[in-house]
Amino acid sequence: MSAQTSGPLSGLRVLDLTRVLAGPTCTQMLGDLGAEVIKIEKPESGDDTRGFAPPVWPKSGESAYFVGVNRNKKSVTLDIAKPEGQAIIHRLLESCDMLVENFKVGALAKYGLGYEQLKARYPRLIYCSITGFGQTGPYAPRPGYDALIQAMGGIMSLTGEPGGSPQKSGVPVADLFAGLYGCIGILAALNHRHATGQGQQIDIGMLDTHVAWLANQGSNYLSTGENPVRLGNQHPNIAPYQEFPSKDGYLILAVGNDPTFERFCRNFGQEHLLADERFATNPKRVENRQLVTDTLTPLMKSKTTAEWVEALEALKIACGPINTLKDVFADPHVQARGCVIEMEHASGETVKVTANPVRLSATPPTYRSAPPVLGQHNDEVLGGLLGMSPSEVTELKGKGIL
């Protein structure tokens with residue numbers, strides 16, 4: 001764990017009113033890049049994900065879910081539904097550059113903490129709102145959940161075997177993309193504020209971000225008006241680009257262009273396919289994808305996955321095993337890249353978390369503090385930053401504000 005405290009966002013302070021995944025993903029990225037993140041949590045229970053268990057880390061009892069997206073944050077318990085809690089939020093905002101929240105549309109306005117209520121008092125404040133459906137539109141009042149967004153956003157209609165049932169992704173990609181797009185918006189707003197001195201609101205709707213990352217499949221539909229069909233592990237625009245069974249398992253074969261397909265055929269006894277117009281070009285192979293699959297499957301079953309990887313890599317043909325997570329974290333490249341870091345938790349336990357993948361040559365991400373226990377930084381933030389006396393803090397605790 002690096003002791004370095006600088007970073008590209010060093011000197012900036014974030015008031016974090018987020019919980020679960022989309023919002024915490026955004027604020028963890030800001031924290032990794034050097035910002036000070038003050039995470040406001042509900043007294044006694046905290047972020048919902050503290051209870052998303054099992055699994056838990058054995059010594060601390062902290063949920064693995066919470067630990068995964070809450071490093072580099074200071075936990076302060078605060079009941080913002082009470083006037084005293086709202087007053088403390090305002091005191092914190094006097095020295096904060098950003099506020100990030102993922103409450104339902106209009107929920108914070110009930111406490112006087114909506115953007116329209118704050119912007120005149122804090123004109124430099126960058127206020128990022130992450131919701132299921134954005135601040136406007138007919139669905140704006142609805143709650144947003146990852147599986148719901150994956151369903152409504154179309155990705156489930158594209159995922160799964162042909163003729164099978166729709167499937168969601170194995171990880172909550174709708175939440176994660178919303179958090180990352182939120183971070184991008186904040187960084188853009190920071191540059192605008194640097195030029196003008198003015199903050200602004202960033203309106204992130206999970207459904208919006210989901211539609212944005214439909215990528216080639218969205219473009220395919222927009223150009224043809226035809227719904228793409230589920231293809232399992234096959235690519236809609238390239239063939240062969242899919243999983244194949246090997247002698248002892250499965251692997252991915254990704255033949256990205258015609259010269260690569262020719263190289264594949266000439267080196268593995270399939271030269272005759274090059275004279276067949278159904279295999280001659282990528283558009284023809286896509287048109288005849290089932291024939292391509294049926295033709296190559298017996299060949300791919302003739303070697304083990306490891307044998308194929310060695311042979312194909314020597315020819316610079318993209319391929320790879322289909323790893324379990326055990327395989328992923330044992331992979332020598334993943335280990336060489338430092339994709340997992342260890343952090344000392346307040347409980348004394350060493351916890352492992354995935355590293356930030358943004359590699360900056362001059363100001364890399366830092367790992368300054370492990371995910372906090374609930375209310376770990378009450379005294380530091382309220383006493384240190386706001387100058388409250390111990391008796392004031394004790395009184396707030398007695399009233400249930402902290």
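A hairpin of four residues links strand β7 to strand β8, where strands (E, at least two residues) and helices (H or I, at least four) are DSSP runs numbered from the N terminus. The model is a predicted one, in which local features need pLDDT of at least 70 and side-chain atom pairs count only at pLDDT 80 or more, while totals for chains, interfaces and linings use all residues. Residues are numbered from 1 along each chain as its sequence is written, and side-chain values use heavy atoms, with hydrogens and water left out. The protein chain has 18 helices and 11 strands, and its C-alpha atoms fill a box of roughly 85 × 50 × 40 Å along the principal axes.

**Overall make-up**

- Of the 402 residues in the protein chain, 46% are buried, a term that stands for under 20% relative accessible area, with exposed being over 50% and partly exposed in between (1.4 Å probe, protein chains only).
- Among contacts in the protein chain with a separation of 6 or more, 69% are between residues 24 or more positions apart, contact being heavy atoms within 4.5 Å.

- Strand β7 (residues 241-245) pairs with strand β8 (residues 250-254) in the antiparallel sense over five bridges, two strands being paired if DSSP finds at least two bridges between them.
- Within this pairing, Tyr241 has Ala254 of β8 as its bridge partner.
- Strand β8 is also joined to strand β9 (residues 318-321) by four bridges, and these two strands run antiparallel, with Ile252 having Gly320 of β9 as its bridge partner.

**The enclosed strand β5**

- Strand β5 (residues 126-131) is largely enclosed by the rest of the structure, because six of its six residues are buried.
- Both faces of β5 are covered, with Ile126, Cys128 and Ile130 buried on one side and Tyr127, Ser129 and Thr131 buried on the other.
- Strand β4 (residues 98-101) pairs with β5 in the parallel sense over four bridges, and Leu99 stands opposite Tyr127 in β5.
- Strand β6 (residues 201-205) runs parallel to β5 and is joined to β5 by five bridges, among which Thr131 has Gly205 of β6 as its bridge partner.

- The largest nonpolar core has 30 residues, of which Leu15, Ile40, Ile89 and Leu93 touch the most other members; a nonpolar core is a set of buried Ala, Val, Leu, Ile, Met, Phe, Trp, Tyr and Cys residues joined through side-chain atoms within 4.5 Å.
- Two or more residues of this core come from each of β1 (13-17), β2 (36-41), α3 (83-93), α4 (115-118), α17 (378-385) and α18 (390-398), and α3 gives the most, with four residues.
- A second, separate core of 27 residues includes Val14, Ala35, Phe133 and Leu207.
- Helix α3 has Gly85, Gln86, Ile88, Ile89, His90, Leu92 and Leu93 as its buried residues, and what covers them includes β1, β2, β4, α4, α17 and α18.
- Apart from neighbours within four places in sequence, Ile89 is in contact with Leu15, Leu17, Ile40, Leu78, Ile80 and Leu113.

**Aromatic rings and charges**

- Eight aromatic pairs are found in a search of the whole structure, where rings of Phe, Tyr and Trp (its six-membered ring) pair if their centres lie within 6.5 Å, and planes under 30 degrees apart count as stacked, over 60 as edge-to-face and the rest as tilted.
- Phe133 and Tyr139 form an edge-to-face pair, at 5.6 Å centre to centre and with 80° between the planes; Phe133 counts as buried at 6% relative accessibility, whereas Tyr139 is partly exposed at 34%.
- One aromatic cluster is formed by Phe177, Tyr181 and Trp213.
- The charged end of Arg19 sits over the ring of Phe103, 4.2 Å from its centre, a placement that requires NZ of Lys or CZ of Arg within 6 Å of the ring centre and within 35 degrees of the ring normal.
- The charged end of Arg50 likewise sits over the ring of Phe66, 3.8 Å from its centre.

**A buried threonine in a loop**

- Thr366 lies in the loop between β11 (350-354) and α17, and it is buried, with a relative accessible area of 0%.
- The side chain of Thr366 makes a polar contact of 2.6 Å with the side chain of Arg368, a polar contact being a pair of N or O atoms within 3.5 Å; within protein, one must be able to donate a hydrogen and the other to accept it, and residues adjacent in sequence count only if both atoms are side-chain atoms.
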